[in-house]
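Please read them with the structure open.

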Amino acid sequence: MPRYRPHVAARPSWRCRVCGAAWPCSPARLALLGEYREDRTALLFYLGTMLGEAMSDLATLHDGVTPPDLTARIVTWARAR
């Protein structure tokens with residue numbers, strides 16, 4: 001039986017260590033929703049912290065410019081519906 005590997009960000013690229021997709025990839029999003037299912041506010045706080053770190057890392061990689069869709073990619077998907 002294959003061992004589960006968590007879909008976490010590889011820094012400083014912010015690509016998934018397992019599947020190579022932009023983090024948070026679909027499996028990471030599902031795992032985060034499950035982990036924080038009782039506290040959406042804590043999830044958004046965590047993702048906001050990750051956004052700040054990603055902005056810093058990616059700006060360093062790209063001459064001070066961060067991807068324009070970074071907030072939507074890391075935080076907006078988790079808002080309450």
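1. D63 lies in the loop between α2 and α3; helices (H or I, at least four residues) and strands (E, at least two) are DSSP runs, numbered from the N terminus. Its phi is near 50 degrees, a positive value in a residue other than glycine. At 77% relative accessibility, D63 counts as exposed, where buried means under 20% relative accessible area, exposed over 50% and partly exposed in between (1.4 Å probe, protein chains only).

2. On the basis of these notes: the model is predicted, local features need pLDDT of at least 70, side-chain atom pairs count only at pLDDT 80 or more, and totals for chains, interfaces and linings use all residues. Residues are numbered from 1 along each chain as its sequence is written, and side-chain values use heavy atoms, with hydrogens and water left out.

3. W14 also has a positive phi, near 60 degrees, in a residue other than glycine. W14 is found in the loop between β1 and β2 and, at 1% relative accessibility, counts as buried. For context, most residues other than glycine have a negative phi, and most peptide bonds are trans.

4. Two peptide bonds to check are cis. The bond from R11 to P12 has omega near 15 degrees, and P12 sits in the loop between β1 (9-10) and β2 (15-16). The bond from W23 to P24 is cis with omega near 5 degrees; P24 belongs to the loop between β2 and α1.

5. The largest nonpolar core has 19 residues, and W14, W23, L32, L47 and I74 touch the most other members. Such a core is a set of buried Ala, Val, Leu, Ile, Met, Phe, Trp, Tyr and Cys residues joined through side-chain atoms within 4.5 Å. Two or more residues each come from α1 (26-35), α2 (40-61) and α3 (70-74). Helix α2 gives the largest share, six residues.

6. R73, in helix α3, deserves a look. R73 is buried but has no salt bridge, and the nearest side chain of opposite charge, D69, is 5.4 Å away. Lys and Arg count as positive here and Asp and Glu as negative, while His and the chain ends are not counted. Leaving out residues up to four places away in sequence, R73 touches W14, A22, W23, P24 and R29, contact being heavy atoms within 4.5 Å.

7. Which residues are linked in a network of salt bridges? They are R11, E53 and D57. The structure holds two salt bridges, a salt bridge being a side-chain nitrogen of Lys or Arg within 4 Å of a carboxyl oxygen of Asp or Glu. R11 meets E53 at 2.7 Å, N to O. R11 is in the loop between β1 and β2 and E53 in helix α2, so this pair ties together parts 42 residues apart in sequence. R11 also meets D57 at 2.7 Å, N to O; D57 is in helix α2 too, so that pair joins parts 46 residues apart in sequence. R11 is partly exposed at 44% relative accessibility, as is E53 at 28%, whereas D57 is buried, with a relative accessible area of 16%.

8. There are two aromatic pairs. The rings of Y36 and Y46 have centres 5.9 Å apart and planes at 20 degrees, so this pair is stacked. Rings of Phe, Tyr and Trp (its six-membered ring) pair if their centres lie within 6.5 Å; planes under 30 degrees apart count as stacked, over 60 as edge-to-face and the rest as tilted. Y36 is in the loop between α1 and α2 and Y46 in helix α2, 10 residues apart. Y36 counts as buried at 19% relative accessibility, while Y46 is partly exposed, with a relative accessible area of 29%.
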